[in-house]
Amino acid sequence: MSSTLQFTAISGAHNEDAVCYLLEIDDARILLDCGSYEDYSGEGLARLQRIARQVDAVLLSHPDMAHVGAYPLAYAKYGLTCPAYATQATHMMGALCMQDASKTLAAREEFTLFNEKDVEAAFDNVTPLQYSQPKALPGRHSHIVVTAHAAGHTIGGTIWTINNGAEDVLYALDYNHTKEEHLRRCSLMEGAEGMLSRRLTKPTLLITDALNATYNLATRKKRVECFLDSVGAVVKRGGNVLIPVDSAARVLEIAYVLNEWWPRERSRRDTHALCLLGGSARKMRSFAQSLVGWMASSVEGQMSDRDTKPFDLRHVSIVQTMAELDRKMRGDTRSRGRPRRAVVLAPVEGMTMGFSQELFLRWAGDKKNAIVMPQRGPPGSLARHLFSRWWDRTQNGRAADSPMRLELPVRLSRARVTVTVKRRVPLEGAELEAWIAQERRRKEQEAARDAMLKRKRDMLDDDEVSSDGDSDSEAPGRIDDMGPEAISEVDLATERLLSGQTYDLYIKGRESTRSLAAPGAGQFMFPFQEKMRRTDDYGEIYDVDEYAVKVDNDDAGVMFDVDAVEEAEEAAAPEQPTKPVVEERRVQVNCQLAFVDMEGRVSGNSLRNILVNVIPKRLVLVHGSSASTKALADYCRDPSVQVTKDVYAPSVGEILNVSSGINAYQVQLADALFKQVRMASLHGSTVGFVGGRIHYAQDAQVPTLDFDSAGLDSAWQPPVLVGDPRLSALRSALEKHGIATRFDSEATLICNSAVAIKRATSKRSNTDCIRILGNPTPDFYRIRTLVNEYLIAT
């Protein structure tokens, strides 16, 4: 049977929008990521809504808005309730990222798309996985297996492999081929001496991004040094530093780098505070400490080197509100009561909302301050606008193929920016009075309704006791036990009570009114109810709260959960009536500006080298500007580049048929086959020729391949090139025997400057082959013998 493979870009193609793609394997629909930025606008969400209920599985790659931003919305409102999969770290940090985004959005506007409960429900639906753990999809799609591999870039970041037997899909977005302070490099680079991992090479389809295709970077060591020098220069002149970051992904790497650098100089510890500002900052650090196993080995080594928790960020002060930050900057014992400056990591990275925008408005006008951006920010954000201004100011005259120049903070000329500020302000005057009146009416209605429900419940309890005559029976005792008709009666009675109408309460019996002398007749009377003792199977029911003993917790030795105390304080705080307002502010940017790439993504040169070595049969390029996507596609289509020429760069909404056309069949191998076939070892694999017959056993769904000794003995097998031998591997084998080798401009292997080895296509069989060219000299025969020993198994 042949397998069909279709790919559709829901969002994030020929642009840098959040990513979301649909992969269809036969009749299975797999959603690759489900991202959206903070504005929650655009056609991507509309396309996602149309296909959400038809999706069979969701794969989430990274715990940031670009990859999981739309998942709670799609789960709560669009019907995307199918199974979802992510690594354990992505599952935890992704939920934290969306909880923080929900709080921030609700604090600035009437945000109704989803709330914190929707986020919790959505991520409860996610199945956490470990790296290299194969997971078969449930139900009728159990033949499709997905596996997560390390991607770098973020903690728990994932490169996905999707396999159904005939197609092997590699989905690799936002990966990093270099090791960082707290993250390992991606699984693509797990081979020896910087070579690619063999298990992830040669996929039938590679889906990757072109975000950094034209974006070349200096080495990571130089970039980290420039980042720290930029922060240090501002600290020395007594300014504040704003570092806009995300809430749960790249912030870990940046905070870790600053934490290790901060104590090297005592003076900055006395004059400045290093702060991580965020509503979920403490929880983020706690989660990170529980996920040390997902980090680099250097972080794990801290468990034995120090008498503290790993990733403790001991030099970073965690603050969760602007009031806490202000108190921190007013001075403490370290600064001897003098006001202090601060280096603050604040979300969000785009500075479109949250603490980073608020600090930008505070500090942008002071010449001593600086904004050091480690990320470019989403398209259309304030951070992206400032990055473009910085790029024009510092990168003019740079050659297109040279690395980006590293610069210390610079001051922009004539820099005035317009900032859209959305916030909530307290109600005043007539609006406040109207809100108070509305709240009073609401509370009166709730109180009246509760009273009616309690009265109705008591009547039901009395009816139960009177009809059964058994005090041991359990009364309903809960509002949930009342049917919808009883609830509607209570609502009607509540309305009558609030409107001032009087009515008679009929206690028992539904027969018509009778004479007062009639025995057993129901009576109209004042609604007095005698409280009955309630019992269950174990005896009388007591209200435990009535007997609770109040304990004074003023003892010095009592330990408190800081997060629990803060949540209790927030819940106990009275609700302050507010309304959302939107205003446009013109801000004069007098502070200095610096950008140092700390995004943790592969650069353009490395991306091109990786594509050549992965050797995909077909390639789909997404998530990058039109210019970068075209540049990478043109590079791959160059005849001199040894990479597939089946390159696709789809637009948003375009449906691609990327099937390989391979016919795959399932057969069951007979036991005799393994006993009789002669096998040979070849580069870690065992191969052999099989001659057999296909037949169906009785009541068998799958055919059996049985051994055919006559056919195997009489058949002649021509030489077959198994797999895809690499000239680079052959070069290493020849050099071990003292052969001097090099590659020329046409990718031909030159040996001892006398023998040429090249890949070619056999004209007779139209298959790949290895050709050895040279004069018949002793070197030629020796090299040919070595090549035969390396490539040929009999």
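How many helices and how many strands are there in the protein chain? The chain holds 23 helices and 34 strands, where helices (H or I, at least four residues) and strands (E, at least two) are DSSP runs, numbered from the N terminus. This is a predicted model, in which local features need pLDDT of at least 70 and side-chain atom pairs count only at pLDDT 80 or more, while totals for chains, interfaces and linings use all residues. Residues are numbered from 1 along each chain as its sequence is written, and side-chain values use heavy atoms, with hydrogens and water left out.

**The whole chain**

Of the 794 residues, 45% count as buried, where buried means under 20% relative accessible area, exposed means over 50%, and partly exposed lies in between (1.4 Å probe, protein chains only). Among contacts (heavy atoms within 4.5 Å) with a separation of 6 or more, 71% are between residues 24 or more positions apart.

**Aromatic rings**

Next, show the side chains of Phe, Tyr and Trp. The structure holds 16 aromatic pairs, a pair being two rings (for Trp the six-membered one) whose centres lie within 6.5 Å, with planes under 30 degrees apart counted as stacked, over 60 as edge-to-face and the rest as tilted. Select Phe111 and Phe114, whose ring centres are 5.1 Å apart with the planes at 90°, so this pair is edge-to-face. Phe111 counts as buried at 15% relative accessibility, and Phe114 is buried too, with a relative accessible area of 3%.

Now move to Tyr131 and Trp294, an edge-to-face pair with 4.9 Å from centre to centre and 70° between the planes. This pair links distant parts of the chain, 163 residues apart: Tyr131 is in the loop between strand 6 (126-129) and strand 7 (135-136), and Trp294 is in the loop between helix 9 (281-290) and helix 10 (297-300). Tyr131 is partly exposed at 23% relative accessibility, whereas Trp294 is buried at 9%.

For a group of rings, select Tyr215, Phe387, Trp390, Trp391 and Phe595, which form one aromatic cluster.

**Charged pairs**

How many salt bridges are there? The count comes to 26, a salt bridge being a side-chain nitrogen of Lys or Arg within 4 Å of a carboxyl oxygen of Asp or Glu. Select Arg140 and Asp27, where the closest N and O atoms are 2.5 Å apart. Arg140 lies in the loop between strand 7 and strand 8 (145-150) and Asp27 in the loop between strand 2 (20-25) and strand 3 (28-32), so the bridge ties together parts that are 113 residues apart in sequence. Arg140 is exposed at 58% relative accessibility, and Asp27 is partly exposed at 45%.

Then go to helix 15 (residues 429-468), where Arg442 and Glu446 are 4 residues apart and so separated by about one helical turn. These two form a salt bridge with the closest N and O atoms 2.8 Å apart; Arg442 is partly exposed at 34%, as is Glu446 at 40%. Finally, return to Arg376, which salt bridges with shared partners join with Asp174, Glu599 and Arg601 into one network.

**A strand**

Select Gln588, which is in strand 21 (residues 578-588) and is partly exposed, with a relative accessible area of 28%. Leaving aside neighbours within four places in sequence, Gln588 is in contact with Ala364, Gly365, Ala415 and Arg416. The C-alpha atoms of Gln588 and Val417 are separated by 6.7 Å, although the two residues are 171 residues apart along the chain.
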